Amino acid sequence: MLSNEMIEKLNEQITHEFYSSYLYRQMAAWFAEQNLTVLQEYFTTHAAEEEMHATKLIDYVLKAGGHVKLGAIAAPSDTFSSPLDVMTKTLEHERGVTRKIHELMAQAEKDRDYSTRSYLQWYIDEQVEEEATFGELLALTRMAGDHLLLLEERIEKRAAKRGVATE
Ligand SMILES: [Fe+2]
Ligand SMILES: [Fe+2]
């Protein structure tokens with residue numbers, strides 16, 4: 001049984017995951033405008049992943065008998081000064097998401113809501129991956145400096161090694 005606070009927080013998180021998707025789509029479009037198509041594809045794929053995070057939460061709220069209420073999605077900034085700026089903002093964003101997921105977990109613990117706690121564990125683990133991935137991407141971008149095509153080559157190779165187009 002979900003508490004009203006838990007339902008409210010889960011709904012906020014659903015909207016926030018859609019916002020992540022929206023933000024990464026905006027970033028993907030920006031990369032396209034800079035002719036950085038590998039990064040465009042990378043961020044587009046990641047946007048789809050964020051949508052999946054939102055969808056999974058919707059399914060959970062429904063299954064747990066809660067009411068789903070989607071909120072307004074804020075417009076992300078469309079101005080970036082460089083790929084390094086995008087990567088820095090991405091890592092900051094993911095760290096913010098981690099804090100939100102931890103707040104959800106704290107609510108579940110306060111409510112002794114063991115099912116939500118168990119469900120949220122996936123998101124806790126996922127955020128460790130997300131922060132590691134974007135931290136690595138930021139470091140690579142820093143190293144590449146002005147050699148953006150080298151950066152794209154590196155990202156492509158890295159993705160191919162993991163057997164995915166991008167991740
Ligand atoms: Fe997410
Ligand atoms: Fe994410």
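Colleague: Leaving aside neighbours within four places in sequence, with which residues is I124 in contact?
Modeller: Two residues are in contact if their C-beta atoms, placed from the backbone, lie within 7 Å. With neighbours within four places in sequence set aside, the contacts of I124 are I101 and M105.

Colleague: At what pLDDT do side-chain atom pairs count?
Modeller: Residues are numbered from 1 along each chain as its sequence is written, with chains lettered from A and ligands numbered from 1 in the order of writing. This is a predicted model, in which totals for chains, interfaces and linings use all residues, local features need pLDDT of at least 70, and side-chain atom pairs count only at pLDDT 80 or more.

Colleague: Is I124 buried, exposed or partly exposed?
Modeller: A residue is buried if 20 or more other C-beta atoms, placed from the backbone, lie within 10 Å of its own, exposed if 12 or fewer do, and partly exposed in between. I124 lies in helix α4. Because 14 other C-beta atoms are within 10 Å of its own, I124 is partly exposed.

Colleague: How far apart in space are I124 and H102, C-alpha to C-alpha?
Modeller: In sequence, I124 and H102 are 22 residues apart. In space, their C-alpha atoms are separated by 7.3 Å.

Colleague: In what order do the elements of the protein run from the N terminus?
Modeller: Helices (H or I, at least four residues) and strands (E, at least two) are DSSP runs, numbered from the N terminus. The protein has five helices and zero strands. Its elements therefore run α-α-α-α-α.

Colleague: What is the radius of gyration of the protein?
Modeller: The radius is taken over C-alpha atoms, and the globule rule is 2.2 Å times the number of residues to the power 0.38. For 167 residues that rule gives 15 Å; the protein is close to this value, so it is as compact as a globular protein of that length, with a radius of gyration of 17 Å.

Colleague: What percentage of the residues of the protein count as buried?
Modeller: Along its principal axes, the C-alpha trace spans about 55 × 30 × 25 Å. Among contacts with a separation of 6 or more, residues 24 or more positions apart account for 74%. Of the 167 residues, the buried fraction is 29%.

Colleague: At what angle do α3 and α4 pack?
Modeller: Axes are lines fitted to C-alpha atoms, for helices over the stretch in contact, and angles run from 0 to 180 degrees between N-to-C directions. Helix α3 (residues 83-110) has its axis 9 Å from that of α4, at an angle of about 165°.

Colleague: How many residues of the contact of α3 with α4 are nonpolar?
Modeller: Ala, Val, Leu, Ile, Met, Phe, Trp, Tyr, Cys and Pro count as nonpolar, Asp, Glu, Lys and Arg as charged, and the others, Gly among them, as polar. The contact of α3 with α4 has seven polar and seven charged residues, while the nonpolar ones number 15.

Colleague: Is the crossing of α4 and α5 left-handed or right-handed?
Modeller: A crossing is left-handed if the near helix is turned anticlockwise from the far one by less than a right angle, and right-handed if clockwise. The axes of α4 (residues 114-144) and α5 (residues 148-161) come within 9 Å and cross at roughly 145°. The crossing of α4 and α5 is right-handed.

Colleague: Which residues of α5 meet L140, T141 and A144 in α4?
Modeller: The residues of this contact divide into five nonpolar, one polar and one charged. Those on the α5 side are L148, L150, L151 and R154.

Colleague: Is L36 buried or exposed?
Modeller: L36 sits in the loop between α1 (4-33) and α2 (37-63). Apart from neighbours within four places in sequence, it contacts F31, P83, L148 and E152. Because 21 other C-beta atoms are within 10 Å of its own, L36 is buried.
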